[in-house]
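Here is a short briefing to read alongside the model.

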Amino acid sequence: MGYSDVTPMLEEYKALRAESLQAMQNQQHVMRFGALVLGAIISAGIHVWKHNPFIAFLVLVFFTPVMSSILTVLWAGELHRMIRVGNYISQLEAEINMFIGYSAMRWEGWLRERKGRQIRISHIIVIVAFNI
């Protein structure tokens, strides 16, 4: 068993790492887009209040929470994708380490040993902030 035997595993590792990074970027895009859209909706609702309070009420009370929920689901979907990839990478690291005979790949395993499967406080803050 040589280096060429582990090459496909390393290529899979690189591809999955790229997917995880893409999921993180998508989370950031959803948050930026969500803040922009929600700000525009709230601003429009406040502006319309002077001319048509009923429309403003509908926008502020119904449309804003629905949009917040949609954005939260999109963000959480990317979070789930990132976690799923990280879990698989952790297993792949263990396989690679076992294959080569020493602990060369440790990042995802270290994260799981250190933090377990806890939800980070930053995730809770994002969910609460988009749904207040």
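A salt bridge is counted here when a side-chain nitrogen of Lys or Arg lies within 4 Å of a carboxyl oxygen of Asp or Glu. Please keep in mind that this is a predicted model. By that rule the count comes to four salt bridges, and one of them joins the side chains of glutamate 108 and arginine 17 at 3.0 Å, N to O.

**The bridge between glutamate 108 and arginine 17**

- Glutamate 108 belongs to helix H3 (residues 107-115) and arginine 17 to helix H1, so their bridge ties together parts that are 91 residues apart in sequence.
- Are these two residues buried or exposed? Glutamate 108 is buried, and arginine 17 is buried too.

- Arginine 81 has its place in helix H2, and its relative accessible area of 18% falls under the 20% limit, so it counts as buried.
- With glutamate 19, arginine 81 forms a salt bridge in which the closest N and O atoms are 3.5 Å apart.
- This pair links distant parts of the chain, with arginine 81 in helix H2 and glutamate 19 in helix H1, 62 residues apart.
- Glutamate 19 has a relative accessibility of 28%, so it counts as partly exposed.
- The side chain of arginine 81 also meets that of glutamate 78 in a salt bridge, at 3.0 Å from N to O.
- Glutamate 78 and arginine 81 both sit in helix H2, three residues apart, which is about one turn of the helix.
- Glutamate 78 counts as buried because its relative accessibility is 17%, where the limit for buried is under 20%.
- Which residues do salt bridges with shared partners join into one network? They are Glu19, Glu78 and Arg81.
- Once its neighbours within four places in sequence are set aside, arginine 81 is in contact with Glu19, Gln22, Ala23 and Asn26.

**Nonpolar cores**

- In soluble globular proteins, nonpolar side chains tend to be buried together.
- How many residues make up the largest nonpolar core? There are eleven: Ala23, Val30, Val37, Leu38, Ile41, Met67, Leu71, Trp75, Leu79, Met82 and Val126.
- Helix H1 (3-49) and helix H2 each supply at least two residues of this core.
- A second, separate core has ten residues, among them Tyr13, Leu16, Ile89 and Leu92.
- Leucine 79, a member of the largest core, is found in helix H2.
- Its relative accessible area is 11%, so leucine 79 is buried.
- Not counting residues up to four places away in sequence, leucine 79 touches Gln27 and His123.
- Leucine 79 and leucine 21 are 58 residues apart along the chain, and their C-alpha atoms are separated by 11 Å.

**The nonpolar surface patch**

- Trp49, Phe54, Ile55, Phe57, Leu58, Val61 and Phe62 form a nonpolar patch on the surface; together they have about 670 Å² of accessible area.
- Which element gives the most to the nonpolar patch? Helix H2 (residues 53-100) does, with six residues.
- Valine 61 is found in helix H2, and its relative accessible area of 38% makes it partly exposed.
- The structure holds one aromatic pair. Phenylalanine 57 and phenylalanine 62 form this pair in an edge-to-face arrangement, 6.2 Å centre to centre and with 85 degrees between the planes.
- Phenylalanine 57 counts as partly exposed at 39% relative accessibility, and phenylalanine 62 is partly exposed with a relative accessible area of 48%.

**A position in helix H1**

- Alanine 15 lies in helix H1 and has a relative accessibility of 48%, so it counts as partly exposed.
- From C-alpha to C-alpha, alanine 15 and alanine 129 are 32 Å apart in space, and they are 114 residues apart in sequence.

Terms used. Residues are numbered from 1 along each chain as its sequence is written. This is a predicted model: local features need pLDDT of at least 70, side-chain atom pairs count only at pLDDT 80 or more; totals for chains, interfaces and linings use all residues. Side-chain values use heavy atoms; hydrogens and water are left out. Patches are made of residues with over 30% relative accessible area and no salt bridge: like charges are joined within 9 Å, nonpolar side chains (Val, Leu, Ile, Met, Phe, Trp, Tyr) within 5 Å. Accessible areas come from the Shrake-Rupley method with a 1.4 Å probe; for residues, only the protein chains shown count as cover. Helices (H or I, at least four residues) and strands (E, at least two) are DSSP runs, numbered from the N terminus. Buried means under 20% relative accessible area, exposed over 50%, partly exposed in between (1.4 Å probe, protein chains only). A nonpolar core is a set of buried Ala, Val, Leu, Ile, Met, Phe, Trp, Tyr and Cys residues joined through side-chain atoms within 4.5 Å. Contact means heavy atoms within 4.5 Å. Rings of Phe, Tyr and Trp (its six-membered ring) pair if their centres lie within 6.5 Å; planes under 30 degrees apart count as stacked, over 60 as edge-to-face and the rest as tilted.
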